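Here is a short briefing on one model. It covers charged pairs first, then a sheet.

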Amino acid sequence: METKAGLLENIYNQGIFAVGAMEPRFPDLPMSENEDNPSEFVMSLDGLWRFKWLATTDDLDIPLITDGSDADGWDEIQVPSNWEMHGYGTPIYTNIRYPHAFNAKKIPVIDPAQNPCGIYRRVFTIDDSQILRKTVLRFEGAQSCVSVWVNGIFAGYAQDSMSHGEFDVSELVKSGENNLTVLVAKFCTGSWLEDQDMWRMAGIHRGVKLISEHPEGILDAFIKTSLADDYSSGELSAEIQFRGSASGRTLEFSVLGGGNAEEEALFAHNYEIVNGTVAVEARIPGICPWSAEIPCIYKAVMIARGADGGFIDRRVIEFGFKKVEINNGIFHINGRPVKLYGVNRHEFHPAYGFAVPANITEKDILLCKENNINAIRTSHYPNSVCFYDYCSKYGIYVLDECNLETHGVRGRIPAGRQEWEAECVHRMENMVRRDRNKACVTMYSLGNEAGNGACFAKMKEAAFRADDSKKIHYEGAHGLETSDVFSMMYAGVGKMKRILEGRTVRIAPGDVRLFGHRVAGKKHRHVPFMQCEFAHCMANSLGNFKEYMDLIDGYDRCIGGFIWDFADQSILKKTDDGRDFWTYGGDFGDEPNDANFCGNGIFAADRSPHPALYEVRALYSPVSVSMESPGVLQITNKRRFAGTDDLRMLWNITSDGRTVEGGVIEYLDIKPMSSYELVLALEEFPAEGEICLNVSMLYKWKPVWINGTTLEIFKGQYMLRDRGTVKKMRRDKFDSRIEIKPDGIRLAGLVERLRMNFYRAPIDNEGLLVMNMTGKEWLVRLMYGRGFREATANMRLKNFFTRDSEIIARWKTKYFMGRITAIVSPAADWGYLIGMSGRPARNMIRFGMEFGIPGRFGNVEWYGRGPHENYCDRKASALLGLYRCGILEFGHNYLKPQENGNRTDVRRIEFTDESGEGIGIADACGKLEVTAWPYNTADLEKAAHIHELPERDMITVNASLAQRGVGGSLPAALRLLKKYKLKAFKKYNFVFHIYKVTGDKK
């Protein structure tokens, strides 16, 4: 290994994926005899390392690595980190396409000229006592591979960028100072198996540890658990492996409850170590099973002693008792059917890349718990060990996914090709043997979007050899060859319903078959169904989520699903003038790239909520309430294991958004999976107004996992009396200030004309996928109606005339049958009634009017749905109410600017200045949607990034009858349910009232 050719052989030879690396095993560290503290035997090597970056592996100089040459002139870099986050090389964002270093015609070739590498070096010191022990060097994650030298001697090589690579360097270290050199290449042949939808970055991105282990100590341990038939007695079957073959050694094995090392042991026994192993079998009555609702953690404490009774080793493993089953096609945990209300989550952060600190990981888990998310799929690789510890502690079901995806070439590798089998199995074993003790791990996934074939059968066999207490998931097994569940991605509402009804379906067109796969009803109807990816939240998206949740909650056979995804993958930069610059593909000159396809989280990259989060929170709630009749509520506890004694209910009655009555129900004792009828003693309602009953369920006390301030777990609204027919507004005498111009209608008080608008700044679902795949702008225009931009801009005034106090004007434009009519008439309160009607010849984007008002009117108050942005297909969480905010808060910034800030079912909205003067809009026809921004539609469409949006001294307002939904069933593609479309050939008309707001009125 002293030659450059030998060094590069490991990186570029597909048959090599581990040299000198230890077998995968548990991650738990050795501890002192009496303390749960591994610091005595573990040295963290995190921190500043010397670093030399090379543009290609061709530039490697072997003496830099092997002869201990002076590195004083090198740079310094933080470990863990991705080197691109420190300015070395280029981060590349792609979804399906491989970077230029890969050539799909030459699998598994990697082009060395496009493969950067980095040499890391640091010194560590060990003492004489450590020389007598085993010294293990652990890399917890490095992209894409590590080659390791200790004191100039080659120690080993490992690839699998998201799992541990460990090396026994006992024979290479010496007492005193030691030199450690690590070579990391951005790509290796194993990178062909890592074609995930994410940023392609490199470096030692997880921690590095030097572990001192006793030469006769514990090597590995598996604490396998289940539950007895009554689900209240824990069954434990543990296997512990030891180093060495010395006789006479013993193991003290005990189980402690409640996570408290001072508690009396629930089980304790001494075992003789025979042939380097100990097997433990125990049945412990009266335990608390682990679930996401009640995450009870136990400890297995293992102390190894020598023949003389002297201390050798101590390990502590936290675990939970649980039993995962499939009974009659229904997924069970601990004997009860469980629903997975999940998200997919990349382990990524805008400031740290893939080197996410543990405290941020913990906050991510808390965000999930706070927002009723009970499951996470580790898309699409194993996460850091701390992630599983937090999920186990706070209660999250984890679908643990192997680091295997070949999306761009999934029809070719790994399939059943024998040359890839060993590495695929190796990656599966790396994950399972590392994570199998974690209480939160509920299923293992064989990978993602990697085709199908014999390799996956071997991976499942290997997983079950290591741990058969979990279930196996693989979406690519469309014939259910290797998956214990029927899994799909992005099944529409209709197809999902057919599946849950047990009917034959055709799925996954374009996967590895052009026309997809036919799955007979008799084959899948007795298998649990889940969507491992659904409700794709591509920026302004997550439409028809309620329809999905109705199916998930309505069919026992449906396990649930995982939203794509948790947070936008954006890297934060600063502009020259210090503003935040939220980046996406192409912003670093990276080619190829998939632009802003990385912006599809329910959270923004900085973990601030996107409006879709509130829809998720509402519909993932473990409590539901329906109104059977006025004041009679049916409260259902959807929890599987916990009652509702930790909750209280607040309710109030509103009249036109203002509270007139309310109360608190302090005690609710509803058993798991049960319902209760509650009758509220309601007072007589006000004679006028729209009457609503609002209900909130809150925690009585702050759970340990609530990081924020809200204690709300559910909210709902029920109409007791609607507003009925909207009263006709009194018309006033003719107003000569109304002017009909070719470019629109000019009214006093407006700073920009009132003009008809059939367009919106495109959302990502309206063409991003098509553009990324084809680059055909004309196809996008055809599919998503971009021509409505010209239809709006090129309105031709045909004629206008007066009738009494009304002015009637008619325009002509493309995509409409006949003419579009506007009727303007003066109304009370210095106001105008604006009417509009037309019949489109093709499906529309929106039907409304746009105008400008003075920028000083930046205080917004409205009675309608809110407080957050909502659309016709995403408004279940937005309740009718009276809300206030500033104009900047009324809109919402997505990673790439687009249509935003809509409010549906608006009864009235007012824009005022600090004195209370301004302009208001009121619904005069029964339906009104409003958007308002301190910029215009053209600004939204032109801006590529948030910081490029201007803040004009004018507010652009859109008052619309409706706009079409935002979609969310397909990634970056608008697939709307019929009821959320604006259909062609239908006559559309609406009326709204513009009026002046005076300070005294306010």
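Both R377 and E401 are buried, where buried means under 20% relative accessible area, exposed over 50% and partly exposed in between (1.4 Å probe, protein chains only). The two residues form a salt bridge, with the closest N and O atoms 3.0 Å apart. A salt bridge here is a side-chain nitrogen of Lys or Arg within 4 Å of a carboxyl oxygen of Asp or Glu. This is a predicted model: local features need pLDDT of at least 70, side-chain atom pairs count only at pLDDT 80 or more, and totals for chains, interfaces and linings use all residues. Residues are numbered from 1 along each chain as its sequence is written, and side-chain values use heavy atoms, with hydrogens and water left out.

**Salt bridges**

- Side chains of opposite charge can pair when their charged atoms come close.
- A search of the whole structure finds 64 salt bridges.
- The R377–E401 pair links distant parts of the chain, 24 residues apart. R377 sits in strand β27 (residues 375-377) and E401 in strand β28 (residues 397-401). Helices (H or I, at least four residues) and strands (E, at least two) are DSSP runs, numbered from the N terminus.
- R97 forms a salt bridge with D594, and their closest N and O atoms are 3.0 Å apart. R97 lies in the loop between β5 (92-94) and β6 (117-126), and D594 in the loop between β37 (580-582) and α11 (612-619), so the pair ties together parts that are 497 residues apart in sequence.
- R97 is partly exposed at 35% relative accessible area. D594 counts as buried, at 6% relative accessibility.
- R579 and D577 meet through their side chains in a salt bridge (3.2 Å, N to O). R579 is partly exposed, at 41%. D577 is exposed, at 53%.
- A network of salt bridges links R25, K134, R138, E166, D168, E213, R243, D313 and R315.

**An open sheet**

- An open sheet of 4 strands runs in the order β2-β15-β7-β11, with antiparallel pairing. Two strands pair if DSSP finds at least two bridges between them.
- β2 (42-44) and β11 (165-168) stand at the edges, each with a single partner strand, so one side of each has no neighbour in the sheet.
- Neighbouring strands of this sheet are turned by 20 degrees against each other on average, direction ignored. Axes are lines fitted to C-alpha atoms, for helices over the stretch in contact, and angles run from 0 to 180 degrees between N-to-C directions.
- Strand β7 (residues 134-139) pairs with β11 in the antiparallel sense over 4 bridges. V136 stands opposite D168 in β11.
- D168 is also one of the residues in the salt-bridge network.
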